[in-house]
Amino acid sequence: MDEPQRARENEFENQAKGEDLGFLQEFFLFLRENKKWWLVPLIVSLLSIGVITLLAGSGGAPFIYTFF
């Protein structure tokens, strides 16, 4: 086995032994590495629509009308 292949295997083993990242940390790293910053406003707007939808079926419905 040559040296570069052995180094790659050691790096893989070290990463496998490391602690798992959380979903939000992993997603942020994905955005940063792949330069997909245009996804941030899309996800924020979808989350806000979801929150408004949940509040519309509850006691918070009268407060939603003040947004519009």
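Modeller: From the N terminus on, the elements run α-α-α-α. The model is predicted.

Colleague: How many helices and strands does the protein have?

Modeller: Four helices and zero strands.

Colleague: What share of the residues counts as buried?

Modeller: Of the 68 residues of the protein, 7% do. The cut-off for buried is under 20% relative accessible area.

Colleague: And the accessible surface of the protein: what does it come to, and what share belongs to carbon and sulfur atoms?

Modeller: About 6,300 Å², with 65% belonging to carbon and sulfur atoms.

Colleague: Now the rings. How is a pair of aromatic rings described?

Modeller: By the distance of the centres and the angle of the planes. In this protein the count comes to three aromatic pairs. Take Phe-23 and Phe-27: their ring centres are 6.3 Å apart and their planes stand at 10 degrees.

Colleague: Why is the pair of Phe-23 and Phe-27 called stacked?

Modeller: Planes under 30 degrees apart count as stacked. Phe-23 and Phe-27 have their planes at 10 degrees, so the pair is stacked.

Colleague: Where do Phe-23 and Phe-27 sit relative to each other in the helix?

Modeller: Both are in helix 2, residues 23–34. They are four residues apart, so about one helical turn separates them.

Colleague: Which residues form the aromatic cluster?

Modeller: Phe-23, Phe-27 and Phe-30 make up one cluster.

Colleague: Which residues does Leu-21 touch, not counting residues up to four places away in sequence?

Modeller: Glu-26 and Leu-29, with that exclusion applied.

Colleague: Last, the nonpolar surface patch. Which residues make it?

Modeller: Trp-38, Leu-42, Ile-43, Leu-46 and Leu-47 make a patch of about 530 Å². A patch residue needs over 30% relative accessible area. Check Leu-46, which is found in helix 3, residues 39–56. Leu-46 has a relative accessible area of 54%, so it is exposed.

How values were computed: Residues are numbered from 1 along each chain as its sequence is written. This is a predicted model: local features need pLDDT of at least 70, side-chain atom pairs count only at pLDDT 80 or more; totals for chains, interfaces and linings use all residues. Side-chain values use heavy atoms; hydrogens and water are left out. Patches are made of residues with over 30% relative accessible area and no salt bridge: like charges are joined within 9 Å, nonpolar side chains (Val, Leu, Ile, Met, Phe, Trp, Tyr) within 5 Å. Accessible areas come from the Shrake-Rupley method with a 1.4 Å probe; for residues, only the protein chains shown count as cover. A salt bridge is a side-chain nitrogen of Lys or Arg within 4 Å of a carboxyl oxygen of Asp or Glu. Helices (H or I, at least four residues) and strands (E, at least two) are DSSP runs, numbered from the N terminus. Buried means under 20% relative accessible area, exposed over 50%, partly exposed in between (1.4 Å probe, protein chains only). Rings of Phe, Tyr and Trp (its six-membered ring) pair if their centres lie within 6.5 Å; planes under 30 degrees apart count as stacked, over 60 as edge-to-face and the rest as tilted. Contact means heavy atoms within 4.5 Å.
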